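Hi everyone, thanks for making time for this. I'd like to walk you through a structure that may be new to you, so let me put it up on the screen.

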Amino acid sequence: MRRTAVFSVLLLLGLALTLISRDPQPDPRLKKAYRATERGGWIQVHLQGQPGEIGYQHGYLLAPEIRDAFRDVSTEMMHDEKKDWEFFRAAARDVLWPKVEPQYRDELNGIVEGLKAHGVELDIWDVVALNAWLELPYFDKWDAKQHGLAAPSATADRCSAFVATGSYTKDGRVVIGHNNWTSYQTGERWNIIFDVAPAHGNHFLMDGMAGLIHSGDDFGVNSAGIMITETTISHFTGFDPDGVPEFVRARKAMQYAASIDDFARIMKDGNNGGYANNWLVADRKTNEIADLELGLKNVTLDRTRDGFFVGSNFPIHEALVRDETDFETKNASDSANARHVRWLQLMEQNKGEIDADAAQRFLADHFDTFENKVDPDERSLCGHIDKSSRGYLPWVGSYAPTGAVQSKVSDAAMAEAMTLRAALGHSCGLGFKAAEHLRKHSEFAWQRPALRDMPSRAWTTFSAQ
Ligand SMILES: [Zn+2]
């Protein structure tokens, strides 16, 4: 009897152990990664380790958000470029992937595995195409030209930004700010704060969209003292299918640049012309700021320790304007030119007083320099194309639910502490109501499944951990 009792106890113990071992164990790749409680609508994730681990953590922790972003971005791409999804998957596989270096292939594959572990089935070509959603329209235009077809769409004119230093700022050190212009349906999902401590390169803190290994709207600071942002070059044409995808170069620069020269070198190395931007960069260690106008044929790096650079989608250097755009530099009613004038006014009016608080005010500014009055529209730094009967051609038409969707600022002291401030929605306080807008403008009904209200949220401070 006694022996039987001992045997039974052992049997039960064994069964219990078997049951315990069958409980799902956390994947060792998750390491110390975590997802913080949402603040101000933002989700901060901390990712760390080798590329495959960072990718797995990203895919696992943000699986629902990646599924959601993928659905809306892919819907918008198919609508705007008039292509089926297979077109973008094929471009990701055949054109982009061969130029993605191993560390980022590992990270992208890690995202797919993390998603799968969390019940979301997207494959590597879906994830690569999602990462390239800002540059694939440039490929699409180039591809159409190769086949003698009309350009399927105009490329987008995204963002307002500035960087200032020296006698322009309150403490003589660097201040940087940026608001992201995009459709509200996708922009409202640009709400991730990526805090990434990679095994190689620098720790970095950037805003971003779930599923992207780069920021996308490109705002971030790294532990080597580099602060980065950009605005898109308007009316740009050009793409080199043999180049390195922009999303790879932008991510690599965020991770590895320790100087302005590093930054320019990484961005230029294998430049494919995709998502051609005017990059505003600062080195908080030296107080130097720079403007890298990165066309495909024309690339110029301007730099200073006393002054400012501003971005509102206007191309700067004459050769680039002539060779690579059909931009009208003299058209004062054009949003890019009108915002350029406003930036120059704000820089001069606030000379010696620019700090992070001033940066927040600039990004919420509604002065239309063409009308010479306050009017939130496609020409104000805080863009409200949804309120404009003109729209922002050729990118989007009248009343398109598009414009500034979120804002970020940082300064040298904050960047030293790996900190930035961010605000979701228009930072001016004007919220956007989806149902009301669609009632008045039924031409955007195709956006109904994805378009949500976009309230103006408070500025919130985020720091790397
Ligand atoms: Zn506004």
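Let's begin at Phe263. Setting aside neighbours within four places in sequence, Phe263 is in contact with Ile228, Ala253, Ala257, Trp279, Val281 and Leu292. Please keep in mind that what you see is a predicted model.

Phe263 belongs to the largest nonpolar core, which has 76 residues. Together with Leu108, Leu136 and Trp279, Phe263 touches the most other members of that core. Which helix gives this core its largest share? That is helix H4, residues 85–96, which supplies 7 residues. Apart from this core there is another one, of 38 residues, and its members include Tyr168, Leu346, Val396 and Leu438. As a general point, nonpolar side chains in soluble globular proteins tend to be buried together.

Now to the sheet. We have an open sheet of 6 strands, paired antiparallel, and the order reads S12-S3-S4-S15-S16-S17. At the edges sit strand S12, 307–311, and strand S17, 460–463, each pairing on one side only. From one strand to the next, the twist averages 20 degrees.

Let's stay with S12 for a moment. Its partner is strand S3, residues 160–165, and the two pair in the antiparallel sense over 5 bridges. Within that pair, Ala161 stands opposite Gly311 of S12. Lying across S12, S3 and strand S4 (175–183) is helix H12, residues 335–349, which runs at about 155 degrees to S12.

Another helix to look at is H13, residues 356–363. Here 6 of the 8 residues are buried, so H13 is largely enclosed by the rest of the structure. Those buried residues are Ala356, Ala358, Ala359, Gln360, Phe362 and Leu363. They pack against S3, S4, H12, strand S15 (402–411), helix H14 (412–416) and S16.

What coordinates the zinc ion? The donors are NE2 of His366, SG of Cys382, NE2 of His384 and SG of Cys428, at 2.0 to 2.3 Å. The angles among these 4 donor atoms are 104 to 120 degrees, and the site is tetrahedral. For comparison, the ideal angle for four tetrahedral donors is 109.5 degrees. Along the sequence, the donor residues follow the spacing H-x15-C-x1-H-x43-C. His366, in the loop between H13 and strand S13 (367–368), and Cys428, in the loop between strand S16 (419–424) and helix H15 (434–440), are 62 residues apart, so to speak a link between distant parts of the chain. His366 counts as buried because its relative accessibility is 14%, under the 20% cut-off. Cys428, at 26%, counts as partly exposed.

One last stop: Arg173, in the loop between S3 and S4. With a relative accessible area of 24%, Arg173 is partly exposed. Leaving aside neighbours within four places in sequence, its contacts include Ala164, Thr165, Arg284 and Glu416. The C-alpha atoms of Arg173 and Tyr399 are separated by 39 Å.

How values were computed: Residues numbered from 1 in each chain as written. Predicted model: local features only at pLDDT ≥ 70, side-chain atom pairs only at ≥ 80, totals over all residues. Heavy atoms only, no water. Core = buried A, V, L, I, M, F, W, Y, C linked by side-chain atoms within 4.5 Å. Buried < 20%, exposed > 50% of the residue type's maximum accessible area, 1.4 Å probe, protein only. Helix = DSSP H or I, 4+ residues; strand = E, 2+ residues; numbered from the N terminus. Contact = heavy atoms within 4.5 Å. Pairing = 2+ DSSP bridges. Axes fitted to C-alpha atoms, helices over the stretch in contact; angles between N-to-C directions. Donors = N, O, S within 2.8 Å, 3.2 Å for Na, K, Ca; no water. Tetrahedral: all angles 85-135°; square planar, octahedral: opposite > 155°, others 65-115°.
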